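This briefing sets out the main features of the structure shown below, grouped by topic. Definitions are given where a term is first used.

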Amino acid sequence: MIEIKNLHATIEGKEILKGLSLNVKAGEIHAIMGPNGAGKSTLASILAGREEYEITNGEVSFDGDDLLEMSTEERARAGLFLAFQYPVEIPGVSNVNFLRTAINEIRDANGENPISAKEFMALVREKSKIVELDSSLASRSVNEGFSGGEKKRNEIFQMAMLNPKLAVLDETDSGLDIDALRIVAKGVNSLKSPENASIVITHYQRLLDYIVPDYVHVLYDGRIVKTGDKNLALELEEKGYDWIKAESQVG
Amino acid sequence: MLTQSKFDILREKLSPSILPISNEAREKAEAILETADFPTRRNERWKYTSVNGINKLTFDESIDDFDSFNPISANAEKLIISNGFIKKDQKQIKGVKTSWDELPTKSADDAFDALNILYCTAAIEIEFDSKIHREIELIFINNDNSVLFPRIFVKCNKESKGTLILNFQGSEESSCFTNVSTYIDVEENSHLNVHKIQKNGIGTFDLQREYVNQAKNSSFSINTFSLSGRLTRNELNILVNGSNCETFMNGAYTLKGKSHCDNHTTVDHKVAHCFSKELYKGVIDDTATNVFNGKVFVRKDAQKINAFQSNANILLSETGSVNSKPELEIYADDVKCSHGSTTGQLDEEAVFYLRSRGLSEKAAKELLVKAFLGEVLEEVEHAEVRSYVENQIEKHFSA
């Protein structure tokens, strides 16, 4: 699905990613954990196509295509979705209107006909249920006046509507209470299929109680320094990141 | 030796009005123009707007009679003004007067109003005189090099209701000179809505003045949409002369290329217990420039006035510019007034967010601009006007 090889990236001359490699196959859920400043959000930003970062080395192939050559919207149309850590409030643009435009642009790019109004509304009803998002929120301005939990649920709602091949969740659990966490996780789990994959970026193990990953990676100082299964997350929860830091410095 | 003023140069190119102007009005206008010259930067009200380009226009007197025109409202009774002149053989509309023994003497102390009097191409009086709502649309259709100098007199009689659409549509590439004076009387207990749509050719200079008088218990709203043109200047002057009045002024402008748009509005609250609300928003692209000046006066005895004013601009390029100046002059002590002005860029984070969901950069920006201008359009109750303007905004971006 996505293959990241030896990725180096800088922002304003400072190197953040220092040779990151990761291979995610269809049907898998990968968790990326790591201390603050390790480069977790940088990775999410680069995958989504933020232009502030400069790629100095390495490659990313998404379904066989060179992801780094694609614009942000081309990536989205090819099936990449980023759930933002800080979803943006957009006054005056209704959630459903914007989603309908997005779905139709994606369909158009894939040579499909626009979605009918009836089909679209049925989809809104179906998908808003998954994240227990009040249908009135769906028709309100994008994220305007939403609580932190509602914003994150709205991210998952959008993800469900767009049905991406690869979802990247950037600290979607931050700032969520336990109920919101459960709902968000339920959304992610219900979208799991053999055809798609997720990268869950998180600081805490907590989210992984609800979304069970196939692999857990530890990102430290711009590189993946350790990979394991879900037990690695539990170990990190118990011992913190210091032993990883010590280990990687020795190595 | 007497030097020629810029007005003198302009007047040599214009044909004097053939309409029956009263001697009184003619003399006053001549006197104003004798000493006047085009305003310069030294004139505070014209500091950011230069009309010198008018003298580079060429005019063509031949009158085309348009056969096709695009009205905005299906229900309105319509009057066509073709290249400045009332189109021949139109059906009479009740309450609309277009032929005169002598034009009304109303005038303002303004050089372009004086010019409008002496070179008037059409004089139109509109009277709303019924509780049953009536809707009238004036369609000004013009092609290249024409001169449009209409004088419009609107009376909304006691306890009457009316809607007036002023639909200016010039062919896209045209360069015309439009100079309009509109006098509006909103009498006691009456309601008048005006929708002014300026869709001018890219070379057109359009100078307009409205002089509005509101009597007590009246409600007046005016929506001004400046969609295209080389230079657009709107001077909206509203005198609120009676208590319990409501006044709504909304404006939206979409500027690109070398367009220049200037809205000067004045609301003068002379008496107590009134409400006014003003909202002007616009987007500025390329090297276009925008000027907004909104004055609100609250006179000494005009207590319990609520007056709100807001102007917001989005610059879509690094070369566009905005001069926005809200002014409040308050001489009463028990009032609630506010004003605000903002100018900024589109929220880049919002553009990225929308693109990350599959929208092209263009579609993302268009959606954000529509949302921004949407606040003004929400104030427009007339569905056809609203959708017409929405379509024009869409075209503005697709061109």
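In helix α4 of chain B, the buried residues are Ala350(B), Val351(B), Phe352(B), Tyr353(B), Leu354(B) and Arg355(B). Buried here means that 20 or more other C-beta atoms lie within 10 Å of the residue's own, exposed means 12 or fewer, and partly exposed is in between, with C-beta atoms placed from the backbone. The model is predicted: local features need pLDDT of at least 70, side-chain atom pairs count only at pLDDT 80 or more, and totals for chains, interfaces and linings use all residues. Residues are numbered from 1 along each chain as its sequence is written, while chains are lettered from A and ligands numbered from 1 in the order in which they are written.

**Confidence**
- The model has an ipTM of 0.94 and a pTM of 0.90.
- For chain B the mean pLDDT (the predictor's confidence in each residue, from 0 to 100) is 95, and 99% of the residues of chain B reach 70 or more.

**Helix α4 of chain B**
- Helix α4(B) spans residues 348-355 and is mostly covered, with six of its eight residues buried.
- Its buried residues pack against α2, β7 and α3 of chain A, together with α5 (361-377) of chain B.
- Helices (H or I, at least four residues) and strands (E, at least two) are DSSP runs, numbered from the N terminus.

**Contact between the chains**
- Chain A gives 20 residues to the contact and chain B gives 18 residues; two residues are in contact if their C-beta atoms, placed from the backbone, lie within 7 Å.
- On the side of chain A that touches chain B, the elements giving two or more residues are α2 (72-77), β7 (90-94), α3 (95-109) and α6 (148-162).
- Helix α3(A) provides the largest share of that side, five residues.
- By class, that side of chain A has twelve nonpolar, four polar and four charged residues. Ala, Val, Leu, Ile, Met, Phe, Trp, Tyr, Cys and Pro count as nonpolar, Asp, Glu, Lys and Arg as charged, and the others, Gly among them, as polar.

**Chain B overall**
- Chain B has six helices and 20 strands.
- The radius of gyration of chain B, taken over C-alpha atoms, is 21 Å, close to the 21 Å that the globule rule (2.2 Å times the number of residues to the power 0.38) gives for 399 residues, so chain B is as compact as a globular protein of that length.
- The C-alpha atoms of chain B fill a box of roughly 65 × 50 × 50 Å along the principal axes.
- Of the 399 residues of chain B, 45% are buried.

**Strands β18 and β20 of chain B**
- Strand β20(B), residues 336-345, has ten residues and the number buried is zero, so β20(B) lies largely in the open.
- Strand β18(B), residues 305-315, pairs with β20(B) in the parallel sense over ten bridges; two strands pair if DSSP finds at least two bridges between them.
- Lys336(B) in β20(B) is the bridge partner of Asn306(B).

**An open sheet in chain A**
- Four strands of chain A form an open sheet in the order β2-β1-β4-β5, with antiparallel pairing.
- The edge strands, each pairing on one side only, are β2 (14-24) and β5 (65-66) of chain A.
- Strand β4(A), residues 54-62, pairs with β5(A) over two bridges in the antiparallel sense.
- The bridge partner of Phe62(A) in β5(A) is Asp65(A).
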